[in-house]
Amino acid sequence: MQENDIKNIEKMREESKTETMRVVSPEMEKILYKKFPMLDHGFIRVIDYMGTDASIVQAARVSYGVGTKKKQEDRGLINYLMRHGHTTPFEMCEIKLHIKLPIFVMRHWIRHRTANVNEYSARYSVLSNEFYIPELDQIARQSEINKQGKSDIAMDQVKAREIINIIKEVSSDAYEKYAHMLNDMSLARELARTILPVSVYTEVYWKIDLHNLLHFLKLRADSHAQYEIRCYANKILDIVKAWVPFTYDAFVNYRQNAVSVSKKCIELNKRMLKGEKISQENSGLSKGEWMEFINAFELQDFVS
């Protein structure tokens, strides 16, 4: 964010005398427009929001016309909605974020199509000379098990530093040629941008309702998600906690830290409680399902 932008935001805060009849979150009001740094050059800012936990409760109760309830009853209702998958009341809340992130992270992000998006255009504007350079401890080999991600085995430090130097060199060289084609050869911006790597930073306004945001967080704040997008997701999770604390607690309890159990797994648990010895061979589960079942319930010492 430019220094002038920061000054303008602070001025707006000082001069704002606007009163509103709409429901507001005191904690969200404190962080509106505040920049939360992410990775090496990125950030997240809350631009606007609509609704609170009370809005979810109000929407859920409209069908049978019950008036204001105590907070404990509101929390119980939100837990019930989350637990049983009643999603529409959560759609009554929305949030708009300003996000600066590497393009390859944006490619992950945009797969969540249930949002309104407007991205910085490199056809109309010149991209800044900012590229994501991973930290040394994030340099790792390709996993031999997970085809989508890196392994947990740390890369040799000498080799890791060499890789970082290559990334820096390629990024710098690409931007130098990008600027040369723009400034010295008068090439159209829409063509000049094609040589830049996906590590270059972009910016986006992203507006989404709370139900779909929680789905995003379920996937992207998960330990299996790529590190870079997980950093952003974890910060958004903190924002959700400040915004809708009852919903945050319900999400963490019933979605984020919960597991989906199949009918077969329920039957296996019943058989184990009756004293039957269970193995993968007699479980009826595939090898992958079996490992997920064992790990979910920490049954390593109870099965053969």
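## A first look at a predicted model

Setting aside the residues within four places of it in sequence, Gln300 touches Ile294 and Asn295. Please keep in mind that everything here comes from a predicted model. Gln300 sits in the segment that follows helix 13 (287–297). Is Gln300 buried, exposed or partly exposed? With a relative accessible area of 44%, Gln300 is partly exposed, because that value falls between the limits of 20% for buried and 50% for exposed.

Beyond its neighbours within four places in sequence, Thr52 makes contact with Val23, Val24, Ser25, Cys93, Trp243 and Val244.

Here are the two residues side by side.

| Residue | Relative accessible area | Class |
|---|---|---|
| Gln300 | 44% | Gln300: partly exposed |

Strand 2 (residues 42–50) is mostly covered, with seven of its nine residues buried. Which strands pair with strand 2? One is strand 1 (residues 36–38), which runs antiparallel to strand 2 and is joined to it by three bridges. Within this pairing, Pro37 stands opposite Phe43 of strand 2. Three residues separate strand 1 and strand 2, and the two strands form a hairpin. In the turn of that hairpin, Leu39 has a positive phi of about 50°.

Strand 2 also pairs with strand 3 (residues 94–102), again in the antiparallel sense, over seven bridges. Here Asp48 has Lys96 in strand 3 as its bridge partner.

Now for a pair of helices. Two packed helices are described by the angle between their axes and the distance between the axes. Helix 4 (residues 71–83) and helix 10 (residues 245–256) have axes that come within 9 Å and cross at roughly 40°. The two helices are therefore oblique to each other, and the crossing of helix 4 and helix 10 is right-handed.

Which residues make the contact? On the helix 4 side they are Lys71, Asp74, Arg75, Ile78, Asn79, Met82 and Arg83. Helix 10 contributes Phe246, Thr247, Asp249, Ala250, Phe251, Tyr254 and Arg255. Taken together, the residues of this contact between helix 4 and helix 10 divide into six nonpolar, two polar and six charged.

Definitions and conventions. Residues numbered from 1 in each chain as written. Predicted model: local features only at pLDDT ≥ 70, side-chain atom pairs only at ≥ 80, totals over all residues. Heavy atoms only, no water. Axes fitted to C-alpha atoms, helices over the stretch in contact; angles between N-to-C directions. Helix = DSSP H or I, 4+ residues; strand = E, 2+ residues; numbered from the N terminus. Parallel < 35°, antiparallel > 145°, perpendicular 65-115°, else oblique. Left-handed = near helix turned anticlockwise from the far one by under 90°. Contact = heavy atoms within 4.5 Å. Nonpolar A, V, L, I, M, F, W, Y, C, P; charged D, E, K, R; others polar. Buried < 20%, exposed > 50% of the residue type's maximum accessible area, 1.4 Å probe, protein only. Pairing = 2+ DSSP bridges.
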